[in-house]
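These are my notebook entries on a structure that was new to me. Please keep the model open beside them and look along with me.

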Amino acid sequence: MATSQHDGADGQLTRHVYTLIKTHRYLEASEILDEKLTLYPKSRPALSLSAFCYYHLQCFEMAAEQYEILQENYPDVDEYRLYYAHCLYKSGAYQDATKASFMLDQPSMNSKVLQLQAGIKFAEGDYPACRTLVEQCPQDSMDTEINLGCLALKEKKYEEACEIFHRALEVVGKVPDVSYNLALSYYYLQQEPAAVKHLANVIETAIQNYPELSIGLGTEGIESRTVENTLQLHESAVIEAFNLKAAILWLGKNFTGARECLTDLPPRHDEDLDPVSLHNSALSNMEEKPAEGFEKLQFLLQQDNFPPETFGNLLLLYCKYGYYNAAADVLAENTTLQYKLLSPFLLEFLETLISQDTSKEEAFRRYDEMAVDLAEQLRRFTKKVQESRGNRDDDSAKKAIQEYDECMENPERYRLTCSMPRPPISGEHKKCLEEKFMPVLMHQAKIYWDMQNYPALEKIFRKSVDKCNDQEAWKLNVAHTLFMQDNKYKEAINFYEPIVKKHFEELLSVSAIVLANLCVSYIMTSHNEEAEELMRRIEKEEEQIAYEHPDRKLYHLCIVNLVIGTLYCAKGNYEFGISRVMKSLEPYSRKLGTDTWYYTKRCFLSLLESMSKQMVFLPDSVIRDVLAFFSHIETHGLKVPVVVEAPLTVEPMHKGRNTVTYEVRFLRHLFVTISGL
């Protein structure tokens, strides 16, 4: 009787385990099976089901351990040895997987063994050996066809890869792996619309077939439970699809769309993220969470399978945030990666950028050499394009234009990465071409800008006019250079105006400082009506946005008024200038911020300096207005930081002192003391 009860309990447990597996609840099933294995460590059913669950959970090391026990205890079952080798391959133990595959000598398994060995060679990057093995596989197999497509991709034969994957789709239908590979082929061919079309097929198929993955709920703000890295998630190819789509949008400078793609991903814990998703998450959120982004990129660089873009992006971001010593340390610690993952130009650019922190003269000299060399290349490529077009040689012209684009590649463009081709036997890259000359020129120019040597800076820009006069960034920096020379406001208007008029229907998309400088230039050249009209349009746009988004802070009109007020203060007209500055921050709840306070306090410090020297005397009415203004700022500035701390700050500032409220109290004390109130 007791035995019957025991058998009944075991039967119920077996049914429960199979039910869990059927409903893809592999984690729960594996926990039950692990308990059984503590009692019966050599139970064939428990070991087999446990290995199956671990495989579907993508825990390939654990699955390999179970299959190793099975093959030792049941040597006559060839499938266990095949599964063992396959799990070793999936776990990244390629040498062990190769050894295990050589032990599979049964003729019936020849095709599967060749496919496995080809997958190992593909993962190791030995593409010639991989091709040799794939060509030995049955040629009428669609898996063989798809594998040849993946090899064509890695060998940069993108048109051939497209043809292969199109043929495969006609036979197998909308299989996620194949659709993703086709999208990746179009991506490398720079045919982004076609790539996005096939990525949409992958995503739509995943939404229909795997509703449990909660795709897209994160962007909509809907909370859902996190998903495991299951085989279903891998088979859906949705992770790769969203990352590739994000990379395409990022290259198109649609940063908001790229971030939304990454939040559309199935929700997972950070520790479960694949390297590509972790890299893209760090990069896309760098503006909002720089400390977290640096932490993720540093972690990735310590792993064996980090995306190749990680190294260059981390170095560029260190330089962007002024951590030149950290960038130099990373270069010194990874000498082999310098030549493997960085182009010669990017390496030289980074070394020059880092040296700028210690020797501006040496950096300027190196930038100058790079600019001269690039200018010569551009001249040569331009001549080649013109000759090819004159001879009506379209192929040569196309090749010359591609070489020109490569010469203009922007070394400072951070790149989202994407996964590599996904063959059936395995399961992660693109370079955008554009603007190499401009960053070199701008970093060289910045040395003179920091020295406030604007005439010399203007000469640098004049030398590059034939190469950059169609670049908006170049025009903008020329305008700033002319504006800073005081006597060239009219020339500055000629550069600022086209930029502003280009975006006249959406003025708030233009940088606030550009609008402010243009207004000041108008005023300084007695074009007050144009300045007032521009300010009215800015005010109208801000009112419209404020109506649609009441909680959004808008600073454009505030900064324009601040710059105008600063101008009058600099000319000694403090009464009007300070009044304009105070007015610009109304309403305080919407206009007071870290940047606006910085420019505001500069005007008051200049006023206090002049008052202490008895060079300026304010009327009582203005003094009362100033004290009332300080009281308003004290009330609204409690949560506004004075300084946005650097992401890798070791000793954070005192929170109480890093507020506008703290500083305005100090200013009021100085003002009362100097005024003799």
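In which loop does threonine 23 lie? I found threonine 23 in the loop between α1 (2-22) and α2 (26-39).

**Ground rules**

I am reading a predicted model, where local features need pLDDT of at least 70, side-chain atom pairs count only at pLDDT 80 or more, and totals for chains, interfaces and linings use all residues. Residues are numbered from 1 along each chain as its sequence is written, and side-chain values use heavy atoms, with hydrogens and water left out.

**Entry: the whole chain**

I looked up the secondary structure and found 36 helices and zero strands in the protein chain. Helices (H or I, at least four residues) and strands (E, at least two) are DSSP runs, numbered from the N terminus. The C-alpha trace spans about 105 × 80 × 45 Å along its principal axes.

Of the 677 residues in the protein chain, 48% are buried. Buried means under 20% relative accessible area, exposed means over 50%, and partly exposed lies in between (1.4 Å probe, protein chains only). I also noted that the protein chain exposes about 35,400 Å², of which carbon and sulfur atoms supply 51%. These areas come from the Shrake-Rupley method with a 1.4 Å probe; for residues, only the protein chains shown count as cover.

**Entry: threonine 23**

Threonine 23 counts as partly exposed because its relative accessible area is 42%. A polar atom of the side chain of threonine 23 lies 3.1 Å from the backbone oxygen of leucine 20. I then checked serine 111: threonine 23 and serine 111 are 88 residues apart in sequence and 31 Å apart in space, C-alpha to C-alpha.

**Entry: threonine 661**

Is threonine 661 buried or exposed? Threonine 661 is buried, because its relative accessible area is 1%. I placed threonine 661 in helix α36 (residues 660-675). The side chain of threonine 661 reaches the backbone oxygen of glutamate 634 at 2.9 Å. Leaving aside neighbours within four places in sequence, I listed Ile633, Glu634, Gly637 and Leu638 as contacts of threonine 661; contact means heavy atoms within 4.5 Å.

**Entry: tyrosine 321**

Tyrosine 321 is in the loop between α18 (309-320) and α19 (324-333). With a relative accessible area of 23%, tyrosine 321 is partly exposed. Beyond its neighbours within four places in sequence, tyrosine 321 is in contact with Met286, Glu287, Pro290, Phe294 and Pro647.

**Entry: aromatic pairs**

How many aromatic pairs does a search of the whole structure find? I got 27. The rings of phenylalanine 345 and phenylalanine 349 have centres 6.2 Å apart and planes at 25 degrees, so this pair is stacked. Rings of Phe, Tyr and Trp (its six-membered ring) pair if their centres lie within 6.5 Å; planes under 30 degrees apart count as stacked, over 60 as edge-to-face and the rest as tilted. Phenylalanine 345 and phenylalanine 349 are separated by about one helical turn because they are four residues apart in helix α21 (residues 344-355). Phenylalanine 345 counts as buried at 13% relative accessibility, and phenylalanine 349 counts as buried at 0%.

Next I looked at tryptophan 449 and tyrosine 454, an edge-to-face pair with 5.3 Å centre to centre and 70 degrees between the planes. Tryptophan 449 is partly exposed at 33% relative accessibility, whereas tyrosine 454 is buried at 10%.

Technical notes. A polar contact is a pair of N or O atoms within 3.5 Å; within protein, one must be able to donate a hydrogen and the other to accept it, and residues adjacent in sequence count only if both atoms are side-chain atoms.
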